[in-house]
Amino acid sequence: FIQINLSMSEALKKELIFYGSYHSDAVNKLIHAVCVPLLLWTGQAMLAPFVLCTVADHPITMCTLGTCVYILYYLYLHPVVGMITLPLLSAMAYSAHLYWSMDLDNKWMVLIGIHVVSWIAQFIGHGKFEGRRPALLDSLVQAVLTAPFFVFFEYCFFFGLFEDLHLEVQREVYKEIARKRQ
């Protein structure tokens, strides 16, 4: 019998506070709520054509492998949010694979264009609205691997899940922002 701890670890709470301290402006949060999933999906779509192996006549692509890594990592970080992200990440990976069957010219250019515009929008969000450099400059792993997780957490907060945690994190975020501005 394996017991799963559904409580929030202190380390993850600190990471949520760290992320929140870089994303407190409403416009910047909206930009990230749109652009981070787009970056994740375009990344998945860019990896989808690369087949690693075939299992029972089903291709295992770099997208499949990458999505499994994200899902397992998110389940490890927080099982409940991990379970919420599982169908979302799976659907994103499925649609990333379907993208390549579309009758569309310049598929790579479309993906790269969406990807680049999403990054630029986030930098504008940080520079113009947040007034703070992106966390990406402090932690590349945070930007690539855990940023989508924190955006999923923000969606959970938006829909009223984990209200006590949201209030606690927000209190600490405001303290951290005030400390940085001194």
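Modeller: A salt bridge is a side-chain nitrogen of Lys or Arg within 4 Å of a carboxyl oxygen of Asp or Glu. Glu10, Lys13 and Glu168 are linked in a network of such bridges. By this rule the count comes to five salt bridges.

Colleague: What kind of model is this, and what pLDDT do side-chain atom pairs need?

Modeller: The model is predicted: local features need pLDDT of at least 70, side-chain atom pairs count only at pLDDT 80 or more, and totals for chains, interfaces and linings use all residues. Residues are numbered from 1 along each chain as its sequence is written, and side-chain values use heavy atoms, leaving out hydrogens and water.

Colleague: Why is the pair Lys29 and Glu154 called a salt bridge?

Modeller: Their closest N and O atoms are 3.9 Å apart. The limit is 4 Å, so the pair counts. Lys29 lies in helix α2 and Glu154 in helix α6 (residues 140–158), so the bridge ties together parts 125 residues apart in sequence.

Colleague: What makes Lys29 partly exposed?

Modeller: Its relative accessible area is 27%. Buried means under 20%, exposed over 50%, and partly exposed in between (1.4 Å probe, protein chains only). Glu154, at 24%, is partly exposed too.

Colleague: Is Glu176 buried or exposed?

Modeller: Buried, because its relative accessibility is 19% and the limit is under 20%. Lys175 counts as exposed at 51%, and Glu172 as partly exposed at 31%.

Colleague: How do you know what span to expect for α2?

Modeller: Helices are DSSP runs (H or I, at least four residues), numbered from the N terminus. The expected span is 1.5 Å times one less than the number of residues. Helix α2 (residues 26–47) has 22 residues and reaches 32 Å from first C-alpha to last, close to the 32 Å expected.

Colleague: What caps the N-terminal end of α2?

Modeller: Asp25 does; one of its side-chain oxygens lies 2.9 Å from the backbone nitrogen of Val27.

Colleague: Why is α3 called oblique to α6?

Modeller: The axes of α3 (residues 62–77) and α6 come within 11 Å and cross at roughly 60°. That makes α3 oblique to α6: under 35 degrees is roughly parallel, over 145 roughly antiparallel, 65 to 115 roughly perpendicular, and the rest oblique.

Notes: Helix = DSSP H or I, 4+ residues; strand = E, 2+ residues; numbered from the N terminus. Polar contact = N/O pair within 3.5 Å; in protein donor to acceptor, adjacent residues only side chain to side chain. Axes fitted to C-alpha atoms, helices over the stretch in contact; angles between N-to-C directions.
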